[in-house]
Amino acid sequence: MRFELEPHHRDTPDDTLIADLRRVAVESGSSSVTIDQYNDRGRYHATTLTRRFGSWFKALELAGLPKTRNLNIPDEALFENLVEVWTKLGTQPKYNQLTKDVSQYSSGTYEKRFGTWRRALEAFVSWANEGVAPLVDAIPSNTIRRTARTANWRQRAIVLMRDGATCRLCGASPQSGARLHVDHIIPWSLGGETVIENLQILCEQCNVGKSNIQV
Ligand SMILES: [Zn+2]
C-alpha cells in the first residue's frame, strides 16, 4: 500500500469538514453532493473526507445529505448556465471566468463533460442553433397565439451572441454594470412573436423605458 501524505488537513476537525460539505450542497443548490462536485467547490479534497469518515456515503450521512453516487448534470443545465454566465459577463466566457459568483458549475465540470473548454463552447453554440427554427413563416397564420411568451434558453443564447451582449439601444454592457434582458421588438402583447428575428438585447433601464412608452 502506498503511503500518501496528508499534511494540511490532518488536524482539521470533523465538524469543519462536514460543515464544508454542507456549504457546497447549499451553494450548488442541489439536494446532495457528488465527489466531483465537492472537488470543484470544496475547500478540501474529497479524499480527505472519505479517509476521515470511511466513505463518501458516510460523510454525506454525517452532513445530513442523501446518498448520491454521481448526480449527472444534464448537458441542457450546463448550457443554460452558460447563457446565464454569458449574460452576466457580457462576453463569451473564458475558462477562468466561471467563478462561483457568476456560475453554478466550474470550468472543470465543462472540461470533464466535453473534453476541452473550446469543445464545450462549440457544443453550446450548436445546441443554441437548434433553437433558431421555426421561423414565423413556417407557422400557420390562422393561429392566434403562435409562440410562447418568453424566449427559451436557446433563443436567449442566440440573441446574446448575435447582439454581442450589449444593449441595442444605448450600448450598455454588464462591464459597465448593466443588467441585460431579452426584449420583444414588437411586444408579445401586440402580436409580436417569440422568434429570434423579433428579439433583442436591452439593458434593464432601456427595457423599462420602452414598456413605459407602450403603456
Ligand atoms: Zn440600454
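Two residues are taken to be in contact if their C-beta atoms, placed from the backbone, lie within 7 Å. The model is predicted: local features need pLDDT of at least 70, side-chain atom pairs count only at pLDDT 80 or more, and totals for chains, interfaces and linings use all residues. Residue numbers start from 1 along each chain as its sequence is written.

**Figure 1. The chain and its elements.** Nine helices and two strands form the secondary structure of the chain; helices (H or I, at least four residues) and strands (E, at least two) are DSSP runs, numbered from the N terminus. Their order from the N terminus is α-α-α-α-α-α-α-α-β-β-α. Of the 215 residues in the chain, 26% are buried (20 or more other C-beta atoms within 10 Å of the residue's own; exposed means 12 or fewer, and partly exposed lies in between, with C-beta atoms placed from the backbone). Among contacts with a separation of 6 or more, 58% join residues 24 or more positions apart.

**Figure 2. Helix α1 and its buried face.** Helix α1 covers residues 14–28 and reaches 21 Å from its first C-alpha to its last, close to the expected 21 Å, the expected span being 1.5 Å times one less than the number of residues. Leu 17, Leu 21, Val 24, Ala 25 and Ser 28 are its buried residues. Seen down the axis of α1, these buried residues fall within an arc of 100° and so line one face of the helix; the arc is that of the directions from the helix axis to the C-beta atoms. The cover over the buried residues of α1 includes α2 (35–41), α3 (46–53) and α4 (56–62). On the face turned away from the buried side are the exposed residues Asp 15, Ala 19 and Val 26. Gly 29, with a positive phi near 65°, follows α1.

**Figure 3. Helix α5 and its packing.** The buried residues in α5 (residues 75–89) are Phe 79, Asn 81, Leu 82, Val 83 and Trp 86. These buried residues pack against α7 (117–129) and α8 (153–163).

**Figure 4. The crossing of α5 and α8.** The axes of α5 and α8 come within 10 Å and cross at roughly 35°; axes are lines fitted to C-alpha atoms, for helices over the stretch in contact, and angles run from 0 to 180 degrees between N-to-C directions. The crossing is left-handed (the near helix is turned anticlockwise from the far one by less than a right angle). Phe 79, Glu 80, Val 83, Trp 86 and Thr 87 of α5 make the contact with Trp 153, Arg 156, Ala 157 and Leu 160 of α8.
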